[in-house]
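Hi there,

Here is the structure I promised to pass on. Have a look at it first, and then read on for what turned up.

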Amino acid sequence: MNAAARFLSPSEAARQLGISAKALRLYEERGLIAPHRTPAGWRAYGPAEIARCTEIVELRALGLSIGEVARILKGDADILSRVLTTHEAALEERIRQSGSSIARVRRLRAELGRGRLPALHDVIGAVRARPAVSVAFDLPWPWGGERFELREIRLLNYIVGPLGSGKTRFAQRLAEALPDAAFVGLDRAANDGAAIAARLDTDPALKAKVDERLALLAGDGAATSPALTSLLAMLLADRPGILVIDLLEQGLDAATQEALIADLRRRGPRARPLFFLTRSSAILDLDAVGADEAIILCPANHSLPTCVTPVAGAPGYEAVATCLASPEVRARTEGMIAWRPA
């Protein structure tokens, strides 16, 4: 190692990068970085490693999976093209929204210039960045009928909680409260997805969209399966309401989970919001949660569900972290339930 260079320990590097030491270890395991080793065998991160990690963190902030980041770092032009295409579409959408907002503001100013006071709700709607979507309802058992309010629905909304916390009942009640929403249960791929396959056979337009998305995800390392096909058919169907999905990762391996959540993050700002339960650290990577994502924790003691900020030390952060496991661990424990004394 260069004696003049400043080398950081894993904890120091993680603190400087704003991520966890666990994330650094994951980057190393996936071959994205190769930290130096001290004579005693401890990992050390020099300026080059910190610079590479900064690139990885910023790429992850764009909603890219670890696999996609690895391909970009290797110079994969297809992934770079897709990232730029998605960003271009997002910029065009913002321009369109900005043009519409400017026109509304000008109309309101013209009314004021003519001595007419516009309605307050028109003023609020004109200056707000985007309409806030909210929901409120009385909680089901095992809660005591307390009122739950979610004042802003994000594009991706994770529902997390330990076994027995009531998160599935919460999700079902949420689907009832949201307008035109649907709860997607674990039976979505029953009989190897026979029901979905039959539906796709009678809906060529939907089948084309599903096949296109399957090919895209396969290029990112996803494995085609009835579980993934069924999930995509639900996500891509033309319907107005919000979906509330039970265990998004059900039946999907680690690479598929990473490709799927990265794909969901790439949707434009006008995409339909999604709620989904998860216990997978590949789906809910606490180091990659974006500004338009929310985490709802159903606590083990059945206190009110709460939104958790994905920052170490924030209230509820550790409780969320303990609910998550890697896809490999989740696969070994799938179908298991917690034992309770009589």
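Which residues in helix 3 meet which residues in helix 4? Please keep in mind that this is a predicted model. On the helix 3 side they are Arg52, Glu55, Ile56, Leu59 and Arg60, and their partners in helix 4 are Ile66, Val69, Ile72 and Leu73. Sorted by type, the residues of this contact comprise six nonpolar and three charged ones, with no polar residue.

As for the geometry, helix 3 covers residues 47-61 and helix 4 covers residues 66-73. Their axes come within 10 Å and cross at roughly 130°, which means that helix 3 is oblique to helix 4. The crossing in which helix 3 passes helix 4 is right-handed.

Next, the cysteines. The structure holds zero disulfides.

Finally, the overall picture. The protein has 13 helices and ten strands, and 41% of its 342 residues count as buried. Along the principal axes, its C-alpha atoms fill a box of roughly 75 × 65 × 45 Å. Among contacts with a separation of 6 or more, 66% are between residues 24 or more positions apart.

Enjoy exploring!

Best wishes

Definitions and conventions:
Residues are numbered from 1 along each chain as its sequence is written. This is a predicted model: local features need pLDDT of at least 70, side-chain atom pairs count only at pLDDT 80 or more; totals for chains, interfaces and linings use all residues. Side-chain values use heavy atoms; hydrogens and water are left out. Axes are lines fitted to C-alpha atoms, for helices over the stretch in contact, and angles run from 0 to 180 degrees between N-to-C directions. Helices (H or I, at least four residues) and strands (E, at least two) are DSSP runs, numbered from the N terminus. Angles under 35 degrees count as roughly parallel, over 145 as roughly antiparallel, 65 to 115 as roughly perpendicular and the rest as oblique. A crossing is left-handed if the near helix is turned anticlockwise from the far one by less than a right angle, and right-handed if clockwise. Contact means heavy atoms within 4.5 Å. Ala, Val, Leu, Ile, Met, Phe, Trp, Tyr, Cys and Pro count as nonpolar, Asp, Glu, Lys and Arg as charged, and the others, Gly among them, as polar. A disulfide is a pair of cysteine sulfur atoms within 2.5 Å. Buried means under 20% relative accessible area, exposed over 50%, partly exposed in between (1.4 Å probe, protein chains only).
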